[in-house]
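Me: I would like to go through some salt bridges in this structure. Please show it first, and then I will ask about them.

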Amino acid sequence: MFIHLNDLVTALGDDFYATCLYAVYDPTSSGCTILTAGHPPLAVVHPDGAVRFPDLPLNPPLGAASPPFESGSLELPPDSLLVLYTDGLIEPPELGLDLGMALMARQLGSAQVLAAQAEPTAARLNAVCDSVIATVLPAPQQANDDAALLLAGVHPLPSDDIATWTLPADPQAASQARCHVRHQLARWGLHDLEMTTALLVSELVGNVVRPVGGPSTLRLLRSNSLICEVTDNGPAMPHIRRAADTDEGGRGLQLVAALAERWGARYTSSGKCIWTEQALPEAA
(Lines give C-alpha, C1' and ligand atoms only; values in the text may rest on other atoms or scores of the structure.)
Protein backbone atom coordinates (compact mmCIF):
# COMPACT_ATOMS: atom_id res chain seq x y z
CA MET A 1 0.00 0.00 0.00
CA PHE A 2 2.75 2.47 0.91
CA ILE A 3 4.57 1.76 -2.35
CA HIS A 4 1.38 2.55 -4.27
CA LEU A 5 0.76 5.75 -2.27
CA ASN A 6 4.37 6.79 -2.77
CA ASP A 7 4.00 6.32 -6.53
CA LEU A 8 0.83 8.44 -6.55
CA VAL A 9 2.44 11.32 -4.66
CA THR A 10 5.65 11.11 -6.72
CA ALA A 11 3.60 11.38 -9.92
CA LEU A 12 2.27 14.77 -8.76
CA GLY A 13 5.70 16.34 -9.20
CA ASP A 14 8.89 17.17 -7.35
CA ASP A 15 7.24 19.81 -5.15
CA PHE A 16 4.68 17.42 -3.65
CA TYR A 17 5.04 15.14 -0.64
CA ALA A 18 2.83 13.80 2.15
CA THR A 19 3.37 12.23 5.56
CA CYS A 20 1.48 9.13 6.63
CA LEU A 21 1.17 6.77 9.58
CA TYR A 22 -0.58 3.41 9.32
CA ALA A 23 -1.25 1.02 12.21
CA VAL A 24 -2.84 -2.45 12.24
CA TYR A 25 -3.89 -3.99 15.57
CA ASP A 26 -4.39 -7.75 15.88
CA PRO A 27 -6.83 -8.50 18.73
CA THR A 28 -5.85 -12.19 18.71
CA SER A 29 -2.22 -11.51 19.64
CA SER A 30 -2.36 -7.93 21.04
CA GLY A 31 0.31 -7.05 18.49
CA CYS A 32 0.31 -3.79 16.55
CA THR A 33 2.25 -3.27 13.32
CA ILE A 34 3.05 0.36 12.52
CA LEU A 35 4.53 2.01 9.47
CA THR A 36 5.27 5.72 9.30
CA ALA A 37 6.49 7.91 6.44
CA GLY A 38 7.75 11.25 7.75
CA HIS A 39 4.91 11.41 10.28
CA PRO A 40 5.13 12.18 14.03
CA PRO A 41 5.22 9.00 16.16
CA LEU A 42 2.01 7.75 17.69
CA ALA A 43 1.59 7.79 21.46
CA VAL A 44 0.53 4.82 23.58
CA VAL A 45 -1.29 5.38 26.87
CA HIS A 46 -0.82 2.31 29.06
CA PRO A 47 -3.48 1.18 31.56
CA ASP A 48 -1.40 2.57 34.45
CA GLY A 49 -1.45 6.04 32.86
CA ALA A 50 2.10 5.95 31.50
CA VAL A 51 2.42 7.72 28.14
CA ARG A 52 5.08 6.53 25.73
CA PHE A 53 6.16 7.51 22.24
CA PRO A 54 7.63 4.24 20.91
CA ASP A 55 10.75 4.26 18.76
CA LEU A 56 9.81 3.19 15.25
CA PRO A 57 11.78 2.79 12.02
CA LEU A 58 11.94 6.11 10.18
CA ASN A 59 10.91 6.37 6.54
CA PRO A 60 10.97 9.55 4.39
CA PRO A 61 7.68 11.24 3.46
CA LEU A 62 5.66 9.86 0.57
CA GLY A 63 6.92 11.40 -2.65
CA ALA A 64 10.47 11.56 -1.33
CA ALA A 65 10.89 7.92 -0.32
CA SER A 66 12.48 4.97 -2.09
CA PRO A 67 10.88 1.59 -1.25
CA PRO A 68 10.99 -0.69 0.59
CA PHE A 69 9.38 0.81 3.69
CA GLU A 70 10.34 -0.53 7.10
CA SER A 71 7.66 -1.21 9.72
CA GLY A 72 7.81 -1.67 13.49
CA SER A 73 5.86 -3.87 15.89
CA LEU A 74 4.55 -3.41 19.43
CA GLU A 75 2.75 -5.63 21.91
CA LEU A 76 0.05 -3.57 23.59
CA PRO A 77 -1.34 -4.26 27.08
CA PRO A 78 -5.13 -4.69 27.25
CA ASP A 79 -7.10 -1.43 27.48
CA SER A 80 -4.27 0.68 26.08
CA LEU A 81 -5.05 3.78 24.05
CA LEU A 82 -3.46 4.50 20.69
CA VAL A 83 -3.09 8.22 20.02
CA LEU A 84 -2.60 9.38 16.43
CA TYR A 85 -2.23 13.05 15.54
CA THR A 86 -0.90 15.46 12.93
CA ASP A 87 2.10 17.71 13.43
CA GLY A 88 -0.19 20.74 13.26
CA LEU A 89 -1.51 19.74 16.70
CA ILE A 90 1.85 19.61 18.47
CA GLU A 91 3.57 22.48 16.62
CA PRO A 92 1.32 25.47 17.25
CA PRO A 93 2.73 29.00 16.88
CA GLU A 94 5.39 29.92 19.47
CA LEU A 95 5.69 26.28 20.64
CA GLY A 96 8.35 23.84 19.52
CA LEU A 97 7.79 20.18 18.76
CA ASP A 98 9.23 18.97 22.08
CA LEU A 99 7.06 21.27 24.17
CA GLY A 100 3.95 20.36 22.19
CA MET A 101 4.54 16.64 22.70
CA ALA A 102 5.24 17.19 26.42
CA LEU A 103 1.96 19.09 26.86
CA MET A 104 0.04 16.37 25.05
CA ALA A 105 1.70 13.60 27.11
CA ARG A 106 0.86 15.40 30.38
CA GLN A 107 -2.80 15.68 29.42
CA LEU A 108 -2.94 12.07 28.21
CA GLY A 109 -1.72 10.93 31.64
CA SER A 110 -4.56 12.68 33.48
CA ALA A 111 -7.31 11.08 35.56
CA GLN A 112 -9.80 11.88 32.81
CA VAL A 113 -7.94 9.60 30.40
CA LEU A 114 -7.69 6.79 32.98
CA ALA A 115 -11.47 6.97 33.42
CA ALA A 116 -11.96 6.79 29.65
CA GLN A 117 -9.70 3.71 29.47
CA ALA A 118 -11.72 1.97 32.17
CA GLU A 119 -14.95 2.65 30.25
CA PRO A 120 -14.04 3.72 26.69
CA THR A 121 -17.34 5.10 25.47
CA ALA A 122 -17.43 7.39 22.44
CA ALA A 123 -18.51 10.31 24.64
CA ARG A 124 -15.57 9.86 27.02
CA LEU A 125 -13.02 9.51 24.24
CA ASN A 126 -14.42 12.60 22.52
CA ALA A 127 -14.09 14.50 25.79
CA VAL A 128 -10.44 13.42 26.04
CA CYS A 129 -9.81 14.65 22.50
CA ASP A 130 -11.38 18.02 23.36
CA SER A 131 -9.26 18.39 26.50
CA VAL A 132 -6.01 17.48 24.71
CA ILE A 133 -6.71 19.94 21.89
CA ALA A 134 -7.62 22.68 24.35
CA THR A 135 -4.34 22.10 26.23
CA VAL A 136 -1.97 21.87 23.29
CA LEU A 137 -3.75 24.17 20.86
CA PRO A 138 -5.82 26.73 22.81
CA ALA A 139 -6.38 28.85 19.70
CA PRO A 140 -6.99 26.43 16.79
CA GLN A 141 -7.61 29.29 14.38
CA GLN A 142 -3.95 30.31 14.78
CA ALA A 143 -2.53 26.92 13.82
CA ASN A 144 0.02 26.89 11.00
CA ASP A 145 -1.17 23.52 9.71
CA ASP A 146 -4.13 21.16 9.97
CA ALA A 147 -4.62 19.74 13.46
CA ALA A 148 -6.21 16.30 13.87
CA LEU A 149 -6.37 13.86 16.80
CA LEU A 150 -7.59 10.26 16.85
CA LEU A 151 -7.92 7.94 19.86
CA ALA A 152 -8.42 4.18 19.58
CA GLY A 153 -8.88 1.79 22.48
CA VAL A 154 -7.45 -1.70 21.99
CA HIS A 155 -8.90 -4.83 23.57
CA PRO A 156 -7.71 -8.42 22.96
CA LEU A 157 -10.23 -10.97 21.84
CA PRO A 158 -11.04 -13.59 24.55
CA SER A 159 -9.69 -17.05 23.78
CA ASP A 160 -13.25 -18.45 23.82
CA ASP A 161 -14.01 -16.27 20.79
CA ILE A 162 -11.20 -17.76 18.68
CA ALA A 163 -11.18 -21.19 17.04
CA THR A 164 -8.30 -22.48 14.87
CA TRP A 165 -7.73 -25.69 12.92
CA THR A 166 -5.01 -27.02 10.59
CA LEU A 167 -6.37 -28.48 7.37
CA PRO A 168 -4.64 -31.19 5.30
CA ALA A 169 -3.51 -30.73 1.71
CA ASP A 170 -6.04 -33.10 0.19
CA PRO A 171 -9.55 -33.00 -1.31
CA GLN A 172 -11.09 -33.73 2.12
CA ALA A 173 -9.97 -30.36 3.47
CA ALA A 174 -13.15 -28.54 2.47
CA SER A 175 -15.34 -31.23 4.03
CA GLN A 176 -13.35 -31.11 7.28
CA ALA A 177 -13.56 -27.30 7.30
CA ARG A 178 -17.35 -27.38 6.95
CA CYS A 179 -17.56 -29.84 9.84
CA HIS A 180 -15.38 -27.64 12.06
CA VAL A 181 -17.47 -24.59 11.21
CA ARG A 182 -20.81 -26.24 11.98
CA HIS A 183 -19.64 -27.58 15.34
CA GLN A 184 -18.06 -24.29 16.41
CA LEU A 185 -21.01 -22.12 15.39
CA ALA A 186 -23.33 -24.48 17.23
CA ARG A 187 -21.18 -24.01 20.37
CA TRP A 188 -21.44 -20.24 19.93
CA GLY A 189 -25.19 -20.40 19.36
CA LEU A 190 -24.84 -18.98 15.83
CA HIS A 191 -27.05 -21.55 14.15
CA ASP A 192 -28.41 -19.01 11.66
CA LEU A 193 -24.93 -18.58 10.16
CA GLU A 194 -24.04 -22.26 9.83
CA MET A 195 -25.18 -22.80 6.24
CA THR A 196 -23.76 -19.55 4.84
CA THR A 197 -20.45 -19.93 6.66
CA ALA A 198 -20.10 -23.53 5.51
CA LEU A 199 -20.53 -22.39 1.90
CA LEU A 200 -18.03 -19.59 2.37
CA VAL A 201 -15.38 -21.79 3.95
CA SER A 202 -15.80 -24.38 1.19
CA GLU A 203 -14.96 -21.76 -1.41
CA LEU A 204 -12.07 -20.29 0.57
CA VAL A 205 -10.48 -23.68 1.24
CA GLY A 206 -11.03 -24.79 -2.34
CA ASN A 207 -9.35 -21.62 -3.55
CA VAL A 208 -6.31 -22.54 -1.43
CA VAL A 209 -6.03 -26.32 -1.87
CA ARG A 210 -6.23 -26.44 -5.66
CA PRO A 211 -3.56 -23.88 -6.63
CA VAL A 212 -1.24 -24.21 -3.62
CA GLY A 213 -1.44 -27.87 -2.75
CA GLY A 214 -0.11 -27.40 0.78
CA PRO A 215 -1.62 -27.39 4.27
CA SER A 216 -3.74 -24.44 5.33
CA THR A 217 -5.16 -22.97 8.51
CA LEU A 218 -8.80 -22.16 9.20
CA ARG A 219 -9.70 -19.64 11.90
CA LEU A 220 -13.04 -18.26 13.15
CA LEU A 221 -13.20 -15.03 15.14
CA ARG A 222 -16.33 -13.92 16.99
CA SER A 223 -16.49 -10.25 18.01
CA ASN A 224 -18.89 -7.59 16.70
CA SER A 225 -19.10 -9.78 13.61
CA LEU A 226 -18.05 -13.27 12.51
CA ILE A 227 -14.76 -13.43 10.62
CA CYS A 228 -13.60 -16.53 8.78
CA GLU A 229 -9.94 -16.74 7.71
CA VAL A 230 -8.06 -19.28 5.61
CA THR A 231 -4.26 -18.93 5.56
CA ASP A 232 -1.77 -20.73 3.32
CA ASN A 233 1.82 -20.41 2.14
CA GLY A 234 1.00 -19.40 -1.43
CA PRO A 235 1.91 -15.87 -2.58
CA ALA A 236 -0.71 -15.50 -5.35
CA MET A 237 -3.64 -13.27 -4.40
CA PRO A 238 -7.18 -14.34 -5.39
CA HIS A 239 -9.22 -12.19 -7.74
CA ILE A 240 -12.74 -12.36 -9.13
CA ARG A 241 -12.92 -13.29 -12.78
CA ARG A 242 -15.77 -13.66 -15.21
CA ALA A 243 -16.46 -17.30 -15.96
CA ALA A 244 -17.83 -18.27 -19.34
CA ASP A 245 -21.14 -20.12 -19.52
CA THR A 246 -19.28 -23.31 -20.43
CA ASP A 247 -16.66 -23.06 -17.65
CA GLU A 248 -16.98 -25.64 -14.89
CA GLY A 249 -15.35 -23.38 -12.28
CA GLY A 250 -14.25 -19.83 -11.72
CA ARG A 251 -17.33 -18.60 -9.84
CA GLY A 252 -16.18 -19.24 -6.28
CA LEU A 253 -15.17 -15.71 -5.38
CA GLN A 254 -18.32 -14.34 -6.99
CA LEU A 255 -20.26 -16.52 -4.54
CA VAL A 256 -18.06 -15.32 -1.66
CA ALA A 257 -18.68 -11.68 -2.59
CA ALA A 258 -22.43 -12.32 -2.76
CA LEU A 259 -22.71 -14.16 0.58
CA ALA A 260 -20.26 -12.20 2.76
CA GLU A 261 -20.79 -8.69 4.05
CA ARG A 262 -17.12 -8.03 3.29
CA TRP A 263 -14.20 -10.11 2.07
CA GLY A 264 -10.58 -9.59 1.18
CA ALA A 265 -7.04 -10.92 1.28
CA ARG A 266 -3.75 -9.82 2.82
CA TYR A 267 -0.17 -10.96 2.74
CA THR A 268 1.32 -12.71 5.78
CA SER A 269 4.92 -13.44 6.70
CA SER A 270 4.68 -16.87 5.04
CA GLY A 271 1.97 -16.49 2.40
CA LYS A 272 -1.50 -14.97 2.38
CA CYS A 273 -4.79 -14.92 4.28
CA ILE A 274 -8.23 -14.80 2.66
CA TRP A 275 -11.05 -13.63 4.94
CA THR A 276 -14.77 -13.02 5.02
CA GLU A 277 -16.93 -11.06 7.46
CA GLN A 278 -20.59 -11.60 8.33
CA ALA A 279 -22.89 -9.66 10.63
CA LEU A 280 -24.00 -11.50 13.76
CA PRO A 281 -27.71 -12.16 14.29
CA GLU A 282 -29.27 -9.52 16.54
CA ALA A 283 -29.86 -12.01 19.35
CA ALA A 284 -26.20 -13.20 19.33
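Me: How many salt bridges does the structure hold?
Reply: This is a predicted model. Side chains of opposite charge can pair when their charged atoms come close. In this structure, the number of salt bridges is six.

Me: How many residues apart in sequence are the parts that R222 and D161 tie together?
Reply: The side chains of R222 and D161 form a salt bridge, at 2.5 Å from N to O. R222 belongs to strand β9 (residues 216-222), while D161 sits in the loop between β7 (149-153) and β8 (162-167), so the parts tied together are apart in sequence by 61 residues.

Me: Is D161 buried or partly exposed?
Reply: A residue is called buried under 20% relative accessible area. D161 has a relative accessibility of 14%, so D161 counts as buried.

Me: Which strand holds E229, the partner of R219?
Reply: E229 and R219 meet through their side chains in a salt bridge of 2.8 Å, N to O. The two lie in strands that the pair ties together, ten residues apart in sequence. R219 is in strand β9, and E229 is in strand β10 (residues 225-232).

Me: Which residue is linked with R219 and E229 in a network of salt bridges?
Reply: E229 is buried, with a relative accessible area of 6%. R219 is also buried, at 18%. The residue linked with R219 and E229 in a network of salt bridges is R266.

How values were computed
Residues are numbered from 1 along each chain as its sequence is written. This is a predicted model: local features need pLDDT of at least 70, side-chain atom pairs count only at pLDDT 80 or more; totals for chains, interfaces and linings use all residues. Side-chain values use heavy atoms; hydrogens and water are left out. A salt bridge is a side-chain nitrogen of Lys or Arg within 4 Å of a carboxyl oxygen of Asp or Glu. Helices (H or I, at least four residues) and strands (E, at least two) are DSSP runs, numbered from the N terminus. Buried means under 20% relative accessible area, exposed over 50%, partly exposed in between (1.4 Å probe, protein chains only).
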